[in-house]
Amino acid sequence: MTKTAAQEDQTDADARRARGEFVRGVSGFRHAIGDPDFPAEPGRYHLFVALNCPWCHRVTLARGVLGLRDSITMDVAFPNRTGDDDPQGPNLWEFSPDRIATLTGAPLPECTTETATGQGYRLAKDIYRAEGSQEQSVPVLYDKRRHRIVNNESAEILRMLNAAAGGLGSTLSDADRPELYPAPAEQRAEIDALNDMIYTAINNGAYKAGFSSDQTVYEKAFAAYFDMLEQLEARLSDGRPFLTGATFTEADLRLFPTLYRHDPVYFVRMKLNGARVLDFPHLWRWLCRVHALPGVATSGSLVHCRQGYFGRSWNNVVPLGPTRPRPYPEAYGHPELAGQP
Ligand SMILES: N[C@@H](CCC(=O)N[C@@H](CS)C(=O)NCC(=O)O)C(=O)O
């Protein structure tokens, strides 16, 4: 698989974790649709996701904007992982649609049981254990024909769905379907470079700030995060609609999940309160522009994000703001809120 900016330096990962740094692990399943075992076929593949997870949001966005909702089925875990009282252990993704969300006081209609393996597993962990793996993360791309995990790295799943969308049975014609990773080498090089910077400072940067238990590590991640937002604001200030120019690409798709979560979640939960996206006029208009694209708004859920990021900590009380100038996600329908760029 070509360069996908899927992970950061893993050197001394355990020692760095012990020093209070957040170091994300590496995904173990790295097959691809198009491999001999996994040909592109409509209706054969399935996604296991959680809608609060920003990595899962990459693949639900790809499924939405590429017209793959009918040909790739999907199960949704409850946004809060299992608690200490769970017989299988804490911090496990659970397919349990009857669980009550503290935010709404009711079950979440998007949540499902596990419908793809034929086993009706309760936990994502069980899907991995069936293949002798100790992993437990989402997203997971699964082959319902061979009952095997194809891939659990969102950067690669996104890339292969784009490459194989036609063969997978996209409802969009080649002309209407966005090309997320256009062929010209220089455009791919620009997308790869943006992916790298945005993954390190923004996508994973948010976790390095919010999950750090070391002030210096937090401050370094905070500075890198807002420096990158300033750079992206400058990049969009020439009036281009998307990061690399006229068309929506993978680079835009990978930036969106973090900025979609910034004002209503990360500003508080990840201590990234240096500014709101609303305070960056060009970025705000870009965020509203992407949110308005076909297949985007219905690929995510701020209810799941709020429940997931706050529902188990914070005394089980989920912050509702911001509500001014408008509540979220309604605000994403109002590019004018950012004032004139
Ligand atoms: N590199 C992976 C990261 C996936 C990931 O870290 N997912 C989180 C949820 S936001 C998870 O399931 N973590 C649980 C775990 O790894 O135990 C990707 O981008 O797909």
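**Entry 1: what covers helix α5**

I began with the cover over the buried residues of α5 in this predicted model, and I found that it includes α2, α4, α6 (205-210), α7 (215-236) and α8 (250-269). I then looked up which residues of α5, the helix of residues 185-203, are buried, and I noted Gln 187, Ile 191, Asp 192, Leu 194, Asn 195, Ile 198, Tyr 199, Ala 201, Ile 202 and Asn 203. For reading such a list I kept in mind that an α-helix has 3.6 residues a turn, so residues three or four places apart point the same way.

**Entry 2: the two domains**

Next I looked up how the chain is divided, and I wrote down domain 1 as 24-168 and domain 2 as 185-337. The contact draws 31 residues from domain 1 and 34 residues from domain 2. Taken over C-alpha atoms, the centres of domain 1 and domain 2 are separated by 23 Å.

I also looked up the area buried between domain 1 and domain 2, which is about 2,700 Å², with carbon and sulfur atoms giving 58% of it. On the domain 1 side, the residues that lose the most area to domain 2 are His 57, Leu 61 and Leu 103, which together make up 22% of what that side buries.

How many salt bridges did I find between domain 1 and domain 2? The count is two. I also looked at the side chains of Arg 159 and Glu 250, which meet in a salt bridge at 2.7 Å, N to O.

**Entry 3: Ala 155**

Is Ala 155 buried or exposed? Ala 155 is buried, because its relative accessible area is 0% and the cut-off for buried is under 20%. I also looked up the separation of Ala 155 from Cys 56, and I noted that the two are 99 residues apart in sequence and 9.8 Å apart in space, C-alpha to C-alpha.

Key
Residues numbered from 1 in each chain as written. Predicted model: local features only at pLDDT ≥ 70, side-chain atom pairs only at ≥ 80, totals over all residues. Heavy atoms only, no water. Domains from an automatic or database assignment. Contact = heavy atoms within 4.5 Å. Buried area = accessible area lost by both parts, 1.4 Å probe. Salt bridge = Lys/Arg side-chain N within 4 Å of Asp/Glu carboxyl O. Buried < 20%, exposed > 50% of the residue type's maximum accessible area, 1.4 Å probe, protein only. Helix = DSSP H or I, 4+ residues; strand = E, 2+ residues; numbered from the N terminus.
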